[in-house]
Amino acid sequence: MKNEINLIINKHFGVLPKELKKMPTGICNEVYFVKLENKSVIVRMNKKERFLKGSQNNIPIFKSKGIPVPDILFQDYSKETIPYAYQIMTIIEGKDLGHVIQELSFDQLKSIAKEVSNILVKLSDLPTNGKFGWI
């Protein structure tokens, strides 16, 4: 994947990555942390663009509700540059909950649960596709 990421980073930023690290997160997609000279980004890739395309629609909706989500800086589903659909996204600072949950106090866990609940309430008034759950 290093060659593919080098190609797309060079295409969009005109430089090669200073650092590249595969992230352990990502259920459907290959996810990479990419450090550039002056900033870092996330690259999400998948051979099936359908696993990425929902983000471009949902992120603006989440932002309009005040929910912190990354911005999509670039996206390409054509598979012309590399044999993957991809998105280059901003980074949300912090640590993945799955990596720190065992270290959190009861009060910290309660605070996170309240925040998740608030997000669900913010999304509850959005229409669904009629097939399942919320957006």
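This is a predicted model: local features need pLDDT of at least 70, side-chain atom pairs count only at pLDDT 80 or more; totals for chains, interfaces and linings use all residues.
Biologist: Why is Gln87 called buried?

Modeller: Buried requires under 20% relative accessible area. Gln87 has a relative accessible area of 0%, so the residue is buried. Gln87 belongs to strand 5.

Biologist: What makes the pairing of Gln87 and Arg44 a polar contact?

Modeller: The cut-off for such a pair of N or O atoms is 3.5 Å. The side chains of Gln87 and Arg44 are joined at 2.6 Å, and the pair therefore qualifies. A polar atom of the Gln87 side chain also lies 3.0 Å from the backbone oxygen of Leu52.

Biologist: Which residues does Gln87 touch, not counting residues up to four places away in sequence?

Modeller: Among them are Ile42, Val43, Arg44, Leu52, Ser55 and Gln56. Ile72, Phe74, Gln75 and Tyr77 are also touched by Gln87.

Biologist: How do you know that Ser55 is buried?

Modeller: Ser55 has 16% relative accessibility, and the limit is under 20%, so Ser55 counts as buried. Ser55 is placed in helix 2, residues 50–64. Its side chain makes a polar contact of 3.0 Å with that of Arg44. Leaving aside neighbours within four places in sequence, Ser55 is in contact with Arg44, Pro60, Ile72 and Gln87.

Biologist: What makes Lys11 and Asp76 a salt bridge?

Modeller: A side-chain nitrogen of Lys or Arg must lie within 4 Å of a carboxyl oxygen of Asp or Glu. For Lys11 and Asp76 the N to O distance is 3.3 Å, and the pair therefore meets the rule. Lys11 lies in helix 1 and Asp76 in strand 4, so the pair ties together parts that are 65 residues apart in sequence.

Biologist: Are the two partners, Lys11 and Asp76, buried or partly exposed?

Modeller: Lys11 has a relative accessible area of 46%, which lies between the limits of 20% and 50%, so Lys11 is partly exposed. Asp76, at 12%, is under 20% and therefore buried.

Biologist: Why is the pair Lys18 and Glu37 called a salt bridge?

Modeller: The N to O distance is 3.1 Å, and the limit is 4 Å, so the pair qualifies. Lys18 lies in the loop between helix 1 and strand 1, and Glu37 in the loop between strand 2 and strand 3, so the pair ties together parts that are 19 residues apart in sequence. Exposed means over 50%. Lys18 has 56% relative accessibility and is therefore exposed, and Glu37, with 55%, is exposed as well.

Biologist: How many salt bridges are there by this rule?

Modeller: The count comes to six salt bridges. One further pair is Asp71 and Lys63, whose side chains meet at 3.0 Å, N to O. Asp71 is partly exposed at 35%, and Lys63 is partly exposed at 38%.

Biologist: What makes a set of residues such as Ile9, Val34, Val43 and Met45 part of a nonpolar core?

Modeller: Core members are buried nonpolar residues joined through side-chain atoms within 4.5 Å. The largest nonpolar core has 13 residues, and Ile9, Val34, Val43 and Met45 are those with the most contacts inside it. Helix 1, strand 2, strand 3 and strand 5 each give two or more residues to this core. Apart from it lies another core, of ten residues, among them Phe33, Val69, Met89 and Leu123. In soluble globular proteins, nonpolar side chains tend to be buried together.

Biologist: Which residues is Val34 in contact with, leaving aside its neighbours within four places in sequence?

Modeller: The contacts of Val34 include Ile5, Ile9, Pro17, Glu19 and Leu20. Lys39, Ser40, Val41 and Val43 are also in contact with Val34.

Biologist: How do you know that Val31 is buried?

Modeller: Val31 has 9% relative accessibility, and buried means under 20%, so Val31 counts as buried. Val31 is found in strand 2. Among the residues touched by Val31 are Lys21, Met23, Ile42 and Arg44.

Definitions and conventions:
Residues are numbered from 1 along each chain as its sequence is written. Side-chain values use heavy atoms; hydrogens and water are left out. Buried means under 20% relative accessible area, exposed over 50%, partly exposed in between (1.4 Å probe, protein chains only). Helices (H or I, at least four residues) and strands (E, at least two) are DSSP runs, numbered from the N terminus. Contact means heavy atoms within 4.5 Å. A polar contact is a pair of N or O atoms within 3.5 Å; within protein, one must be able to donate a hydrogen and the other to accept it, and residues adjacent in sequence count only if both atoms are side-chain atoms.
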